[in-house]
Number of protein chains: 2
Amino acid sequence: MTTSPSGGSTAGSADAEKKLRPGRTNATKQKLFEASMDLIGERGAAGVTVDEIATAAGVSKGTVYYNFGSKSDLIAQLLRHGVDILMARLLSVRDDSADPLAAMEEMIGQAMDFMAEYPSFARLWVSENWRTPSEWQDTFAELRGRLLAVIGSAIDGVAAAYPVDPGVSRGSLETAIFGACFVVGLDRQTYNPERTREQSVAAIMASMRGYVVKQPPAQA
Amino acid sequence: MTTSPSGGSTAGSADAEKKLRPGRTNATKQKLFEASMDLIGERGAAGVTVDEIATAAGVSKGTVYYNFGSKSDLIAQLLRHGVDILMARLLSVRDDSADPLAAMEEMIGQAMDFMAEYPSFARLWVSENWRTPSEWQDTFAELRGRLLAVIGSAIDGVAAAYPVDPGVSRGSLETAIFGACFVVGLDRQTYNPERTREQSVAAIMASMRGYVVKQPPAQA
DNA sequence: CTAAATAAACTGACCGGTCAGTTCAAATAA
DNA sequence: TTATTTGAACTGACCGGTCAGTTTATTTAG
């Protein structure tokens with residue numbers, strides 16, 4: 001076997017040993033990420049061959065196995081890569097103590113932009129996320145937790161500034177909003193391209209507005 | 001070739017020529033549906049072999065091709081089969097003119113029950129629904145439309161009885177709720193089995209409550 | 001009532017082809 | 001020099017689909 005760098009599968013997503021040699025690897029990895037994102041998003045992880053990915057990236061099959069240990073490892077790193085991008089966008093929303101509801105809205109807007117820009121990643125996510133015994137179970141659990149934490153803290157912000165319905169659990173609401181972002185974004189891409197970003201955001205925000213109670217807290 | 005029945009792919013879901021010969025075919029098809037639902041839900045359409053499906057159904061590979069024209073056809077009919085079940089449940093909700101919001105809530109509850117009972121179908125749906133050039137594009141478009149129509153009319157019912165936010169388009173809201181049902185149901189199954197049915201319904205219903213305006217119609 | 005005939009339902013071995021993964025010597029760049 | 005990439009070959013397993021033949025239930029003929 002050659003001296004493949006391969007990259008840590010369970011690394012903290014930050015590029016740990018990137019600096020060893022800038023070389024061409026990072027550019028190659030990037031190309032492989034982009035190519036495989038599209039292909040896998042379209043036909044599913046199992047429906048795409050390594051040869052196809054290599055060809056689409058303008059690279060040889062050997063290079064794939066030089067940069068990644070396996071097809072499975074490539075996909076795991078691809079998931080981290082996508083989540084890193086999404087996380088960066090979500091965290092770019094200033095958590096100013098102004099209106100937490102507005103912050104939430106901006107976050108959802110960022111998510112919608114991400115879905116529009118990386119629809120293939122969104123497809124990959126929803127395609128593989130809920131598979132029961134999956135090779136990426138642990139990867140998904142970790143990444144999902146990281147994303148939900150961000151949404152959760154945004155919800156907390158709202159709950160701290162407004163009276164909210166105690167009958168709605170934070171966890172379920174996180175899930176509903178998180179999932180709605182993916183689904184609404186994908187649906188727009190696939191079936192309703194005429195729908196605007198604002199319409200989509202408004203539809204998802206409806207659940208937040210329903211979360212804050214109409215009348216001042218009944219009594220609870 | 002033998003005289004395969006194969007079943008109409010675009011039939012209106014009602015069993016048309018069931019009586020010609022009771023035979024074993026219907027029972028066999030049912031077994032194949034159940035087996036493939038589970039397997040495909042777990043590992044994806046491309047990740048399951050016809051041999052596996054046949055074995056799981058306690059039937060030979062040839063029987064699969066006797067009852068269905070191809071693996072693809074099996075899956076298309078499987079999708080219709082699942083949607084028929086879900087539709088029946090959604091339509092079982094009495095559309096009494098009482099409280100449309102309560103009707104909506106019951107419908108979401110029915111959807112949650114369905115997701116709990118057929119999680120594999122839900123996984124199959126979200127896995128394949130948004131694939132761009134897919135063999136089942138048309139099938140999905142049709143079935144999606146049928147389901148959305150039911151949800152849409154429930155939303156209409158609410159909009160007719162309450163003052164609603166005109167800034168939220170009906171279509172986007174349909175999508176958000178529809179998608180949330182799948183995602184919340186799957187997430188409960190996969191990551192949060194401790195969550196109750198009521199919590200999940202409440203989280204999804206939040207978007208309906210946010211859809212009806214708090215104060216009597218502002219002015220629009 | 002029984003045996004032959006018929007057709008639906010089913011079987012499983014088989015085929016052409018594909019795929020993930022491995023290896024490696026040679027080429028190419030930093 | 002050394003890290004990186006190439007491209008091609010090879011393997012061993014697997015896969016979708018086919019097909020000639022077998023079982024099973026029902027019908028028909030004697």
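How much area do chain B and chain A bury between them, and what share of it is on carbon and sulfur atoms? About 3900 Å², with 60% on carbon and sulfur atoms; buried area here is the accessible area (1.4 Å probe) that two parts lose on being put together, summed over both. W130(B), R131(B) and Y191(B) supply 19% of what chain B buries against chain A, more than any other three residues.

A quick note on the ground rules: this is a predicted model, where local features need pLDDT of at least 70, side-chain atom pairs count only at pLDDT 80 or more, and totals for chains, interfaces and linings use all residues. Residues are numbered from 1 along each chain as its sequence is written, chains are lettered from A in the order in which they are written, and side-chain values use heavy atoms, with hydrogens and water left out.

| Item | Count |
|---|---|
| Residues of chain B in contact (heavy atoms within 4.5 Å) with chain A | 45 residues |
| Salt bridges (Lys or Arg side-chain nitrogen within 4 Å of an Asp or Glu carboxyl oxygen) | 2 salt bridges |

D187(A) forms a salt bridge with R144(B), the closest N and O atoms being 2.0 Å apart.
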